[in-house]
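These are my notes from one sitting with a single model. I looked things up one at a time and wrote down what I found.

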Amino acid sequence: MNSSQNNDITIAELLRFLQENMLTKEESKNFATKDDLKNFATKDDLRALEIKMEQGFSAINTRLDGIDKELEDIKAHLARVEKMAKEDADAAAKEILNLKQRVSMLEKIVLKLQAA
């Protein structure tokens, strides 16, 4: 067998290749026409869209940064309020204990006065 015989294909092989790879008339109807291509976005259209999207995302990021800062401020304020509330509750509890001791002392004095 020479090299030209190795490269020869049979009609059956050619037919099978064409059947597997050939575009049919029906399939070609799905391709874009020249009129369709007129409505496709150009590179300039896509670049303009990209710029608008970047500007929009930038504005959103700016707003989110502001919201993050405000949230941090709210958390810090809440922590201060919680600290003050705890200090107030502790002071009130201390005052209540002091008043209980004073009432107890007064009750003892009243009992002594009643006994005398």
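Is Lys69 buried, partly exposed or exposed? I looked up its relative accessible area, found 47%, and so noted Lys69 as partly exposed. The classes are these: buried is under 20% relative accessible area, exposed is over 50%, and partly exposed is in between, with a 1.4 Å probe and protein chains only.

Ground rules, before going on. The model is predicted, so local features need pLDDT of at least 70 and side-chain atom pairs count only at pLDDT 80 or more, while totals for chains, interfaces and linings use all residues. Residues are numbered from 1 along each chain as its sequence is written, and side-chain values use heavy atoms, with hydrogens and water left out.

Entry: the whole chain.
I counted five helices and zero strands. Both kinds of element are DSSP runs numbered from the N terminus, helices being H or I with at least four residues and strands being E with at least two. From the N terminus on, I read the order as α-α-α-α-α. The radius of gyration is 45 Å, well over the 13 Å that the globule rule gives for 116 residues, so the chain is more spread out than a compact globule. That radius is taken over C-alpha atoms, and the rule is 2.2 Å times the number of residues to the power 0.38. Along its principal axes, the C-alpha trace spans about 140 × 45 × 30 Å.

Entry: surface.
What share of the 116 residues counts as buried? I found 0%. The accessible surface comes to about 11,400 Å², and 60% of this belongs to carbon and sulfur atoms. Accessible areas come from the Shrake-Rupley method with a 1.4 Å probe; for residues, only the protein chains shown count as cover.

Entry: charges.
I noted 19 positive and 22 negative charges, and their mean positions are 11 Å apart. Lys and Arg count as positive and Asp and Glu as negative, with His and the chain ends not counted. Each charge is placed at NZ of Lys, CZ of Arg, CG of Asp or CD of Glu.

Entry: salt bridges.
Side chains of opposite charge can pair when their charged atoms come close. The structure holds four salt bridges, a salt bridge being a side-chain nitrogen of Lys or Arg within 4 Å of a carboxyl oxygen of Asp or Glu. I wrote up some of them.

- Lys69 meets Asp73 at 2.8 Å, N to O. The two are four residues apart in helix H5, so about one helical turn separates them. Asp73 is partly exposed because its relative accessibility is 38%.
- Arg47 pairs with Glu50, and their closest N and O atoms are 2.7 Å apart. They are three residues apart in helix H5, so about one helical turn lies between them. Arg47 is partly exposed at 42% relative accessibility, and Glu50 is partly exposed at 36%.
- Asp35 pairs with Lys38, with the closest N and O atoms 3.5 Å apart. Both lie in helix H4 (residues 34–38), three residues apart, about one turn of the helix. Asp35 and Lys38 are both exposed.

Entry: a nonpolar patch.
Which residues make the nonpolar surface patch of about 660 Å²? I listed Leu46, Leu49, Met53, Phe57, Ile60, Leu64 and Ile67. Patch residues have over 30% relative accessible area and no salt bridge; like charges are joined within 9 Å, and nonpolar side chains (Val, Leu, Ile, Met, Phe, Trp, Tyr) within 5 Å. Met53 counts as partly exposed because its relative accessibility is 42%.

Entry: distances along the chain.

- Met53 and Lys34 are 19 residues apart along the chain, and their C-alpha atoms are separated by 29 Å.
- Ala79, in helix H5, is partly exposed at 41% relative accessibility. Ala79 and Lys100 are 21 residues apart along the chain, with 31 Å between their C-alpha atoms.
- Leu15 belongs to helix H2 (residues 11–21) and is partly exposed at 47% relative accessibility. How far apart in space are Leu15 and Leu111? I found 123 Å, C-alpha to C-alpha, for a pair that is 96 residues apart in sequence.
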